[in-house]
Amino acid sequence: MNHWTIVCFALLFAVPAFAQHTFGQADIDDGARLFRANCVICHGPDGDKVSGVDLGHGKFRRATTNEDVENIIIGGIPGTAMPPHNFTEREAFTIVIYLRKMAELASDSATNGGDPARGQALFEGKGGCTACHNILGKGSRTGPNLSEIGLLRRGAEIQRSIVDPDAEIHLSNRSVRATTKGGEEISGRLLNSDTFSVQILDSKERLRTLQRADLRQYAIVEKSPMPSYKDKLSAAELTDVVAYLSSLKGAEAK
Ligand code: HEC
Ligand code: HEC
């Protein structure tokens, strides 16, 4: 095979799957949103949590072309945990282009230029984050434990949580406010609930079980108890804190 046949071959394989669509940043953003809402739960924020599959680096066991990936997203893989999705072809396509960008975006946040050590000092010092958050045994348990936050969320999501805490509150991080029939007001982090009772960790880090029958009022808090740090941290400080939190991967991995 001479040089030109190889080039033509490469073109033949590279072009067809993408030639039929054009796309821009808005499509990549759409794809990112769909991915976060539908795929992260199994594939993880970086697309590498299903063993043998690394969506962000094009490492697939079954799919070879972009079209294969679109078909798998829509149809699922029968007989496996990969479910079908009720997406249009265009929606599936936006996910595919997001997946192609993902590795790039991930390395952006990993090397965001921040200094994890300075970020840690800020977190434990002037940032006051340990007043609510615990990392590997240090700090308060009234807010979510952040020891593994680098595994669960991407840099951009962590940053958004810090500057705009109300934007998205994950189900496992909800707070509740209750008033007992005796008039006591209790608020705290929701740990568990069933038909008759609610378990919370109150603001003094006490585990409390409240009987619903004893409550006059009970509500999930829509606004985050966390203050926004938008105007409290400089851009450089924010970058450092995000670098620190992104580096947290639980106990084993440091
Ligand atoms: C309930 C869990 C679950 C959800 C939700 C899920 N997947 Fe999967 N996915 C899997 C599993 C498990 C596999 C591996 C199946 C196998 O080959 O055994 C897989 C395989 C794949 C593959 C094929 C990889 C290959 O090796 O060829 C692609 C592509 C994929 N998923 C993309 C997505 C996208 C995009 C979404 C969101 C729209 C999504 N998945 C949602 C569990 C899930
Ligand atoms: C007054 C208590 C409080 C303080 C102080 C606080 N947080 Fe939070 N934080 C919370 C609560 C409660 C949540 C869960 C609700 C939410 O997502 O906003 C949260 C959520 C988060 C999340 C998202 C967690 C997830 O699972 O995605 C991050 C990241 C975070 N905080 C980082 C910080 C950093 C960094 C600081 C210091 C600069 C800080 N927090 C200070 C209470 C606090």
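Let's start at a histidine: His 43 is buried, its relative accessible area being 13% (buried means under 20%, exposed over 50%, partly exposed in between, with a 1.4 Å probe and protein chains only). Before going on, note that this is a predicted model, where local features need pLDDT of at least 70, side-chain atom pairs count only at pLDDT 80 or more, and totals for chains, interfaces and linings use all residues. Residues are numbered from 1 along each chain as its sequence is written, chains are lettered from A and ligands numbered from 1 in the order in which they are written, and side-chain values use heavy atoms, leaving out hydrogens and water.

What does His 43 do here? Its NE2, together with SD of Met 82, coordinates the iron atom of ligand 1 at 2.0 to 2.1 Å (donors are N, O and S atoms within 2.8 Å of the metal, or 3.2 Å for Na, K and Ca; water is not among the atoms, so sites may look incomplete). His 43 sits in helix H4 (residues 40–43) and Met 82 in the loop between H5 and H6, 39 residues apart (helices, H or I with at least four residues, and strands, E with at least two, are DSSP runs numbered from the N terminus). Angles among the six donor atoms run from 88 to 179 degrees, and the site is octahedral (six donors count as such if opposite ones are over 155 degrees apart and all others between 65 and 115).

Around ligand 1 there are 22 residues, with Cys 39, Cys 42 and Arg 61 among the closest (a residue counts if one of its heavy atoms lies within 4 Å). A backbone N or O atom of Arg 61 is 2.3 Å from an oxygen atom of the ligand, while for Arg 62 a side-chain N or O atom is 2.8 Å from a ligand oxygen (polar contacts are pairs of N or O atoms within 3.5 Å).

Now for ligand 2. Its iron atom has His 133 (NE2) and Met 226 (SD) as protein donors, at 2.0 to 2.1 Å. His 133 is buried at 11% relative accessibility, whereas Met 226 is partly exposed at 27%.

As for packing, the largest nonpolar core has 19 residues, including Phe 35, Ile 73 and Ile 95 (a core is a set of buried Ala, Val, Leu, Ile, Met, Phe, Trp, Tyr and Cys residues joined through side-chain atoms within 4.5 Å). Its largest share, eight residues, comes from H6.

Definitions and conventions: Four donors count as tetrahedral if all angles lie between 85 and 135 degrees; four count as square planar and six as octahedral if opposite donors are over 155 degrees apart and all others between 65 and 115; anything else is irregular. A polar contact is a pair of N or O atoms within 3.5 Å; within protein, one must be able to donate a hydrogen and the other to accept it, and residues adjacent in sequence count only if both atoms are side-chain atoms.
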